[in-house]
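Take a moment with the sequence and the model below.

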Amino acid sequence: MPEKPKDKGEPLETGKPVPEAIPETLPARMDGTEVRASADEPVVAVVSAGSEPATTSVPTNPVVAVVSEIIEPAVATIRLERKHPLAIRWMHWVNFPVLFTMIWSGLLIYWNDSDNAYQHPHAVYRVGVGSLTLVRLFPPWFWKLMNAPYRVTEGLGYHFFFMWVFAINGILYVSYLLISGEWRVLVPERRSFMDAIQVTLVDLHLRKGLPPQKKYNGAQKIAYTSVVLMGLGSLVTGLSIYKPTQVHWITTLLGGYEMARWEHFWLTMGFCAFFIVHVGQVILAGWNNFRSMVSGYEIVPAAKASLEEERRVG
C-alpha cells in the first residue's frame with residue numbers, strides 16, 4: 001500500500017536522504033538562460049518579489065550544515081576611572097587664579113619695602129651664607145618687567161580682597177577632604193618618602209621604572225600635603241602682618257613682626273616654586289592627566305585597581 005504523502009506543514013525527518021532527484025535543468029532565469037546543477041551541489045533558489053511560490057529541490061546526498069565560526073566577545077583593555085570629584089575640581093580651578101593674584105599683588109607690596117638703613121630698597125631679602133650674598137630678591141630688571149614701581153596701593157587692594165577668597169576656598173577644601181574621605185588618598189604614607197626619591201630619580205633620568213602608584217605617587221602626596229600646610233602658614237603669617245596689634249600673640253609666636261614678614265615672603269616663594277614644577281609635571285604627564293582635572297575621569301588600563309578601594313581604606 002503506498003505511503004500517505006506528508007503534509008507540507010510537517011517537518012522533514014532529519015538524517016534521511018530525500019528521494020527526489022535534482023533535475024538537471026532548473027527553470028530558466030528571466031534573461032532566458034538555463035541554470036544547471038549537479039546532484040552533488042546544493043541548490044539555492046532565489047524568489048523575487050511578486051513571483052509564484054517556488055519549489056526548491058534538495059540534493060540526494062545528506063545536507064551538510066556549515067557552522068559559522070563563533071566569535072569571542074571583545075575584552076576591554078581600558079576603562080574610565082573616576083579620579084577627581086566635582087568639588088575638588090571646582091576648588092582647584094578657583095584657587096589657581098586666586099593664588100596667582102595673591103602672589104602678583106604681594107610682589108607689588110614688596111616693591112615698596114626696604115631695609116632699615118635703606119641700603120637695599122626693593123630687595124630686602126637675599127640668598128646667601130653669612131655676609132656672602134649670592135642674589136638679592138629682586139633685581140631692578142624684574143621690577144621693570146612687572147611694571148611694579150609705585151603700585152603699592154593697588155597691590156594692597158587686590159591682596160586684601162582676594163585673601164578672603166583664598167581663605168574661604170582653603171577652608172572648604174580641607175573640610176571636604178575630611179568629610180568625604182579624600183584625605184586618605186592625599187596624606188603621605190610611611191613609604192611615600194622612599195617612593196618620592198624614586199620618582200625624582202626617574203624624572204631626572206637617573207633611574208628607570210616608577211614605583212606602584214594609586215591616585216597619587218609618593219612625591220605628589222608630599223607636595224600636595226605640603227601646599228595645604230603652606231596655605232595655612234600663609235594665612236597665619238599674613239594675618240599677623242595685617243593685624244599685628246589685634247593678634248599680637250600670634251605675631252609673638254611667629255618671632256615678631258619682622259620675622260613674620262620674612263616667613264610670609266618665603267612661603268610665597270615656595271608657592272612660586274610649586275607652581276613652576278606642578279605645571280611642568282602636568283605637561284609631561286600629558287592630556288589624559290589634565291583632562292581628569294577637567295572632566296573628573298581618566299582613561300586607565302582595565303586591569304588597574306580601582307581608586308574606590310583606596311578611598312575607602314586608604
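**From the whole to the parts**

The protein's secondary structure consists of nine helices and six strands. Keep in mind that this is a predicted model.

Start with the whole protein. It has 314 residues, and 28% of them count as buried. The protein exposes about 22300 Å². Carbon and sulfur atoms supply 66% of that area. Now consider contacts between residues at least 6 apart in sequence. Of these, 65% join residues at least 24 apart.

Now find two of the strands. Strand E4 covers residues 125–129, and strand E5 covers residues 132–137. In which sense do E4 and E5 pair? They pair in the antiparallel sense, over five bridges. Pick out Arg126 and look across to E5. Opposite Arg126 stands Arg136. Then follow the chain through the turn. E4 and E5 form a hairpin, with two residues between them. Gly130 sits in this turn, and its phi is positive, at about 65°.

Move on to helix H5. This helix spans residues 218–242, and Ser234 is found in it. Is Ser234 buried or exposed? Its relative accessibility is 10%. Buried means under 20%, so Ser234 counts as buried. Which residues does Ser234 touch, leaving out those up to four places away in sequence? They are His264, Leu267 and Phe271. Find these three in the model, and view Ser234 of helix H5 together with them.

How values were computed. Residues are numbered from 1 along each chain as its sequence is written. This is a predicted model: local features need pLDDT of at least 70, side-chain atom pairs count only at pLDDT 80 or more; totals for chains, interfaces and linings use all residues. Side-chain values use heavy atoms; hydrogens and water are left out. Two strands pair if DSSP finds at least two bridges between them. Helices (H or I, at least four residues) and strands (E, at least two) are DSSP runs, numbered from the N terminus. Buried means under 20% relative accessible area, exposed over 50%, partly exposed in between (1.4 Å probe, protein chains only). Contact means heavy atoms within 4.5 Å. Accessible areas come from the Shrake-Rupley method with a 1.4 Å probe; for residues, only the protein chains shown count as cover.
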